[in-house]
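Q: Please take a close look at one part of this model, the place where the two chains meet.

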Protein chains: 2
Amino acid sequence: MVDEKYMEQIRKVPGWETKQAFSGAYNAHPEGSRMAPRPVKFFRPGTDKVKSLDYILDAIGLKDGMTISFHHCLRNGDAVMLYVVDAIAKKGIKDLTLSASSLSKVQDCLLPYFESGVITAVDTSGARSKLGSFIQKGGLKKPAIFRTHGGRARAIETGELHIDAAFIAAPACDRFGNLNGVEGKSACGSLGYAMPDAEYADHVIAVTDGLSDIPLDYVSIPQTQVDYVTTVDSIGDPAGIATGSIRVSKNPAELLISRYAAQVIAATPYFHDNMVFQFGSGGMAIATAGYIRQEMLKKNYTAAAGVGGVSGFHVQMLKEGLIKTFYDPQDFDLTAIDSLRTDIKHHEISASAYANPFSACPYVNMLDFTVLSATEIDVDFNVNVLTDSYGKLLGAPGGHPDAAAGAQMTLITMPLLRGRLPMLLDHVTTVVTPGESVDVLVTEYGIAVNPRRPDIAECLKGKGLTLTSIEALREKAVKLSGKASPLELSDKICGVVEYRDGSIIDVIHQL
Amino acid sequence: MVDEKYMEQIRKVPGWETKQAFSGAYNAHPEGSRMAPRPVKFFRPGTDKVKSLDYILDAIGLKDGMTISFHHCLRNGDAVMLYVVDAIAKKGIKDLTLSASSLSKVQDCLLPYFESGVITAVDTSGARSKLGSFIQKGGLKKPAIFRTHGGRARAIETGELHIDAAFIAAPACDRFGNLNGVEGKSACGSLGYAMPDAEYADHVIAVTDGLSDIPLDYVSIPQTQVDYVTTVDSIGDPAGIATGSIRVSKNPAELLISRYAAQVIAATPYFHDNMVFQFGSGGMAIATAGYIRQEMLKKNYTAAAGVGGVSGFHVQMLKEGLIKTFYDPQDFDLTAIDSLRTDIKHHEISASAYANPFSACPYVNMLDFTVLSATEIDVDFNVNVLTDSYGKLLGAPGGHPDAAAGAQMTLITMPLLRGRLPMLLDHVTTVVTPGESVDVLVTEYGIAVNPRRPDIAECLKGKGLTLTSIEALREKAVKLSGKASPLELSDKICGVVEYRDGSIIDVIHQL
């Protein structure tokens, strides 16, 4: 967890004077506080919202020091951030904060605007490649903030993250400003991660390559929130936006882990008729879902609901009736996008509904169980999904800490080693998901239950499972890989890792 | 419009010191102001929301002087207001403000709680029967507020109407707090009018006779907004909630008016392929829609979207493909409710999305034309839909002023006389919808175009329509009915009529 010496550094950043260190997954006490006020607007009927970006930037009065935001639903195909930031740069505006629901490798193209001072602060879920390196060279004016999907929604809604202008890439958009992600040549699926921005930003601008002269039938973000619409030839590269389909893992070790995970789940009371679950989109999670599907068929169980990012495998279960309904903040492949558009049981939800802890309960709180991956885990069950073994940025918290906190049972599926490096450590390089919210680690060498959950350990006895302790697994890892010398990291910090409630759970070090 | 002497009375009411008189349908300048802050909440996963009403009233700390709210989607079948108010009264709590999206005759049962001081202030769209009489006897502590559907959403979102506890009648509700109006024995359809309350009230309590142990597939109001769920045997009487079906008018004069209205529409540029329209649910509006349907078939036109309350006739057009999509804040009959549940092109929207003028544009702003009714109209095209010819409360503004202001062309269909009373006057008894937003009056004696709209008058020339002036129609009415002596109303006011932007457009007099 975060050292107090770093909290001192953090509290010296203007505006961050009251930042708190993480003190527990369920320690938030926001009672009595209030959401950020949303802007009041008035548009006379007949107002034409379709304008050039140049016109819009002037009309909204964008200026130095403001915060602009984007969603990452176009993933590694996005062309909108570059288009907008370049137009802003041409106006000589600088010192902006870039708030993105995440940043992919494709955003390497923004590096020149970081180097020239157009963008000097960042908050995001992930940052990697050239932007990650820039951050870890200490190139920003203040530490980058890494947030969970639910945490970002919370930050926006509480006013901690005030967005001056949200630029929303829109695969389809009508002249009234209604937009969706399921139609058009650049369809990306659910726009859940853009919804908090659209609700709370001072100015909301849709950037579309799919302008419709007639009102959209399918509306993800309504005209009531969208001030301007601007058109471009292409908002992105379809090849980077959605994969054709996501495949089940074929790696034998991963399949073994997935089978173990399914056996663990099936042995607990969380596996029951009308269960609610979330499986990630990784190969092991999908493989686990496949084994769970078999168990469900055997027992004649159905899932009442699926929650979280959707891929073709989830769609298959929805079509089979094995999942009765789906609450979907994000789609990973074309099958999922098509399902969202056409299946009345497939529902788009916002990042806030999905995972914001500061509501009357986000959908992650419904979960009986969730199966998640990890870059690293440690003997306290803390999980890292943000940095590699050398402290280098490569992943993103995403919804990991949110789902882990919400679910009654959180399983981490992870190989004990990757290459020759142990993935189970004494201390993870970066704590992203606290061990308090992680219940079971499943590896190819055995299964360790968090000692906080003796109830789960009890269920697993006598089921033919390879049960062990996290310490024994750690010893096994050391035996296989040799004890690595501890990683030496700089005292200079270039990023903070926010837990979903806004407390600081760890820091990112300069490299 | 409202007399300054009444504004002086109004501004003496505590909290109303800054009330403004109506000054124009598009004169609002809310720029720079902000929505009301919403409450921040935190629920630990696994929290049980299902409690007794008694427990809930204590838990939320309901006390004297607070504001409680209800929706009117159960219409004249509602049993929830009585159930909740009675429980509150039994705790000795008094001096409450009752905020309802509207009040029907069934709410006569609340009279004892008005008389005993449990409820001492009211805001609503309509009030009638015994509650209307109570208000017009001067029984409340301060004037009742009559709002439009869009105006109520605005008042909630801007904080002008702060709701301490919203009690939401829920035909279906799961244990997480997700609820809908389309399932269960008391299905009422769209819960659009309850949505602003659920978003902004300090405490949100679902009252349901359709508790589901598994998460709902169809969610109208999400669990993120609902704090408690309480169960009752019945939330209402199905016979009063929805009619079996709404029929087209069979009255020859009304059919004539409807045919004229359709001819007017068809002669203007607002009748085009991909038009957007709203027809009310009254017999004349449905009959007009029937004629328009014929015109559409002739020209091979379809409507891109329908907006507003839905009845079976709209559903028929949606199923025929004559309407491509529907944005629906309210359903009037069983066919409409069923369509909302099953038709992927039929979309539930909130009162705010529908009609709140203080957003980046409500759905009423989409309207090419709307066909509305009137209780009275005057030579300035001002419309009354709230009081009768004697000043007695009987109707409700509803969405009338909202649709009129949003539409490019607003038609009023109205018989010149009802019984022996003229409905076209020198001055309407109560101004609800300003003449500025009314374009055409269609009566059985001819069609009058508002002089503000010479463009429409021009379109109608040479089309074989009985065109006349509003003054000539007024003379005709006087000739047919004799000139009535002007209505003498008390100077004492017992209600204010708010225009959708919050300004006061008229007052209700004591009787």
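How many residues of chain B are in contact with chain A?

A: This is a predicted model, in which local features need pLDDT of at least 70 and side-chain atom pairs count only at pLDDT 80 or more, while totals for chains, interfaces and linings use all residues. Residues are numbered from 1 along each chain as its sequence is written, chains are lettered from A and ligands numbered from 1 in the order in which they are written, and side-chain values use heavy atoms, with hydrogens and water left out.

In chain B, 61 residues are in contact with 61 residues of chain A (contact means heavy atoms within 4.5 Å). Because 100% of the interface residues of chain B are also interface residues in chain A, the copies meet through the same surface.

The area buried between chain B and chain A is about 5,200 Å², with carbon and sulfur atoms giving 58% of it (buried area is the accessible area, with a 1.4 Å probe, that two parts lose on being put together, summed over both). On the chain B side, Arg34(B), Val40(B) and Phe42(B) lose the most area to chain A, together 15% of what that side buries.

Four salt bridges are counted between chain B and chain A (a side-chain nitrogen of Lys or Arg within 4 Å of a carboxyl oxygen of Asp or Glu). The side chains of Asp217(B) and Lys345(A) meet in a salt bridge at 3.0 Å, N to O. By class, the side of chain B that touches chain A has 32 nonpolar, 16 polar and 13 charged residues (Ala, Val, Leu, Ile, Met, Phe, Trp, Tyr, Cys and Pro count as nonpolar, Asp, Glu, Lys and Arg as charged, and the others, Gly among them, as polar).
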